[in-house]
Amino acid sequence: MTTPPDAEARRAIAPVICYPNDTLPTAPMDTYHAAREGAEVISTTRVEPRDAACFTVPSGHFFRISCPDGSQVGDLNLFNANDLAERFFSGKTRALHGTHVGIGDRLWSNFPYLRPMATVTGDSLHWYGRDEFGGGVHDVIGTRCDPYTHHVLSGGEDYHYCCHSNLTRALAAHTGRPADEVEHHIHDVLNVFMCTGFTADTGQYFMKASPARQGDYIEFFAEIDLLGNLSACPGGDCGSSHSSDDAKCHALLVEVFKPRADALTDWTSPDRNGYSRSHGI
């Protein structure tokens with residue numbers, strides 16, 4: 001294959017942001033921060049290493065995911081607590097906010113709902129930014145480690161504690177339904193505390209050891225009633241491998257906070273997307 005004479009000119013064309021987000025509804029961060037002051041813990045959920053657990057968060061409440069014992073990556077699924085058909089849409093969240101999320105960014109739901117499910121209101125790793133490799137923390141790039149890809153890459157080995165399987169077991173336990181009936185609800189995740197990016201030369205998805213340490217956290221405001229499902233990844237801090245029992249793993253902790261009754265008098269939960277769904281017909 002020959003290189004065309006105008007190759008450099010083609011490469012030099014300036015990029016255009018696909019989804020300019022300056023017209024998105026603005027998250028009322030001052031309201032959220034004021035509501036968080038004095039909020040009380042109403043529930044805690046400990047997610048054991050190489051396992052997952054479900055938790056619920058009423059709309060207008062906060063939830064915090066933290067590393068109580070040491071550096072640990074988590075894979076987070078979110079659902080509308082009243083309708084499993086509405087769930088976190090990592091692809092559209094990525095398109096609107098970028099490959100990694102931080103304070104003020106929102107986690108959006110799938111079509112036809114497309115509305116904010118949760119807003120990031122706190123992050124002890126906000127200082128990390130981008131490193132020299134292009135890596136950042138809390139990504140919406142990766143899909144979740146899973147036994148199917150592992151089966152292909154390992155030449156036929158079964159491993160049952162990938163995040164996909166962990167999330168499936170937890171949702172099955174929460175709903176009281178068999179795993180094969182709920183597996184299709186498991187979806188692409190927010191990789192909490194995971195440090196990732198794309199290599200500059202080959203464009204491959206990479207991971208590196210998470211900068212999270214004991215006590216680090218990310219916190220969210222629930223825009224709607226939420227069912228969360230969180231896996232403590234078998235990769236631990238994802239500095240070496242996943243989909244095996246080789247890495248040192250720790251638990252994760254989820255705390256749900258209830259604000260004062262008068263703290264959110266001017267806030268309302270977002271409605272479902274207003275598109276007519278006529279699709280030109």
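Helix α3 buries Ser 90, Lys 92, Thr 93, Leu 96 and His 97. Buried means under 20% relative accessible area, exposed over 50%, and partly exposed in between (1.4 Å probe, protein chains only). Helices (H or I, at least four residues) and strands (E, at least two) are DSSP runs, numbered from the N terminus.

This is a predicted model: local features need pLDDT of at least 70, side-chain atom pairs count only at pLDDT 80 or more, and totals for chains, interfaces and linings use all residues. Residues are numbered from 1 along each chain as its sequence is written, and side-chain values use heavy atoms, with hydrogens and water left out.

**Helix α3**

- Seen down the axis of α3, the buried residues fall within an arc of 165°, so they line one face of the helix. The arc is that of the directions from the helix axis to the C-beta atoms.
- Strand β6 is included in what covers these buried residues. Contact here means heavy atoms within 4.5 Å.

**Aromatic pairs**

- The whole structure holds 9 aromatic pairs. Rings of Phe, Tyr and Trp (its six-membered ring) pair if their centres lie within 6.5 Å; planes under 30 degrees apart count as stacked, over 60 as edge-to-face and the rest as tilted.
- Phe 62 and Phe 221 pair edge-to-face, at 5.1 Å centre to centre and 65° between the planes. Phe 62 lies in β3 (residues 62-66) and Phe 221 in β11 (residues 217-222), so the pair ties together parts 159 residues apart in sequence. Both Phe 62 and Phe 221 are buried.
- Phe 89 and Phe 111 have ring centres 5.2 Å apart and planes at 90°, so this pair is edge-to-face. Phe 89 counts as partly exposed, at 23% relative accessibility.
- One aromatic cluster is formed by Tyr 32, Phe 62, Phe 221 and Trp 267.

**Charges over rings**

- Arg 36 lies over the face of Phe 257, 3.8 Å from the ring centre.
- The charged end of Arg 64 sits over the ring of Tyr 217, 3.7 Å from its centre. The test asks for NZ of Lys or CZ of Arg within 6 Å of the ring centre and within 35 degrees of the ring normal.

**Cysteines**

- A search of the whole structure finds 0 disulfides (pairs of cysteine sulfur atoms within 2.5 Å).
- The closest cysteine sulfur to that of Cys 162 is in Cys 145, at 4.7 Å, too far for a bond. Cys 162 is buried, at 0% relative accessibility.
- Cys 238 is in no disulfide; its nearest cysteine sulfur, that of Cys 233, is 4.0 Å away. Cys 238 is also buried, at 0% relative accessibility.
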